[in-house]
Amino acid sequence: MTDDTILPFSFPAVHAKKVTAAFDGGRLTSNGGVMLLAMAERRLGLVDNLARVFPDRRDPTRVVHSLVDMFRARMFAICCGYEDADDLDHLRSDPAFKLACGRLPDTGRDLCSNRRCRGWRMLRAFDAWMDSYPREPASVTLDIDDTCDVVHGHQQLSLFNAHYDERCFLPIYVYDTEKSRPVAVVLRPGKTPGGVEVRAHLRRLIRHIRTRWHNTRITFRGDGRYARPEAMAWCETNGIDYIFGLSGTKPLARKVDEAADDIRTRRAIENLPVLRGYTETRHKAKSWDRERRTVARIEATMLGLDIRFVVTSLDVGSAEWIYDSLYCARGQAENLIKLHKTQLASDRTSCRSALANQVRLVLDTAAYWLMLTVRDAIPKARELATAEFATLRLRLLKLAARVVETTSRIRLAFAAACPEADLIRGLPGALLPLGP
């Protein structure tokens, strides 16, 4: 590809020297760090897994861009901050993106544009989460939650939700929060999930996990919207643990009255600003088929009492441990959802078709895995080892580079003043594919 020869333009003079500019710098890119994503993708094998689950059935003699090419280009674009498929209309000839997708930067064919991506069908979940464990773990805790995804029109599955006062989707996100790893993302209508739906999501996920992990102890954790009798009964029948938030009711509150009065009285006597205590009871709501262990966190302040409940299948651990150490840890899942939405634009579900929007969620989750893999490869002593994705994008991906293709080699020339040069130099080795 030839360089542009547009006439130069001017900036204000500096120290009496004229400043001119032109777009004639050669094959430059502002996404030089995308090669780190390419190494992360090859280490994870995300695209290969997707290709196996979703084989390309088109006539190979007539295909210009394979599905593998499309998957890679979209995932890399999302990681670099280009969350819309339309962005590929302009990025298709970017030399760094072409190189990351396995094409020569100058002589290779340009990548697919948005127009070639409209035929994508639904993608099933990939197994990057289970692949990330070297062996079957003894136990895992999975956080399940939904989040408001405001729609930009009358897309399929969009509904008006009075709680959020918006037309929206309420997609469900599942995370292995201890390791910040996404497990599944499912697009769904903008209404609170019912018991039958929650049970169906848990059942499908567990069936998939059990195809590889037969003995892992699995615990689901969620807020009160998931404390459905159908879901809890199914978990108990199938040996799955759970801990869910529970809405307070008058019958339930009466069971902890004695403990609540004691905490309120002690706070007043000792003139403390706040006093917290814990208790537990057995409770059976009208819609439940049995009594279940219920833990209460009781907090007395000068403004009165605040009582929060959780219901669990676990029969070990104190009430304080169940609530403070186990249940409250689910707050980290909300931070991961926020990271997913605000820094990888997983809520950019602006397609008309629900099928296309589910594809977007899958690719956004694949992009999450790429960013997570790059971050995990950073030495723990470096500040970027715990950085958010937006910071990683700014410091490691959005790098100016000149791409030079000769007969025998391709060279990336980064800026001599790159502040993270020593870190970037070591990352390719850390991202090499793991051995068998």
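**Cores and loops in a predicted model**

Modeller: The largest nonpolar core of this predicted model has 102 residues, and those with the most contacts inside it include Leu 37, Phe 76 and Trp 129. Helix α13 (residues 354-376) gives the most to this core, with twelve residues. Local features here need pLDDT of at least 70, and side-chain atom pairs count only at pLDDT 80 or more, while totals for chains, interfaces and linings use all residues. Residues are numbered from 1 along each chain as its sequence is written, and side-chain values use heavy atoms, without hydrogens and water.

Biologist: What makes a set of residues a nonpolar core?

Modeller: Such a core is a set of buried Ala, Val, Leu, Ile, Met, Phe, Trp, Tyr and Cys residues joined through side-chain atoms within 4.5 Å. A second, separate core of nine residues includes Val 295 and Tyr 323.

Biologist: Why is Pro 273 called exposed?

Modeller: Exposed means over 50% relative accessible area, buried under 20%, and partly exposed in between (1.4 Å probe, protein chains only). Pro 273 has 55% relative accessibility, and therefore counts as exposed. Pro 273 is found in the loop between α10 (257-270) and β12 (274-283); helices (H or I, at least four residues) and strands (E, at least two) are DSSP runs, numbered from the N terminus.

Biologist: Why is Ser 180 called buried?

Modeller: The relative accessible area of Ser 180 is 16%, so Ser 180 is buried. Ser 180 lies in the loop between β8 (172-176) and β9 (181-186), and has a positive phi of about 60° although it is not a glycine.
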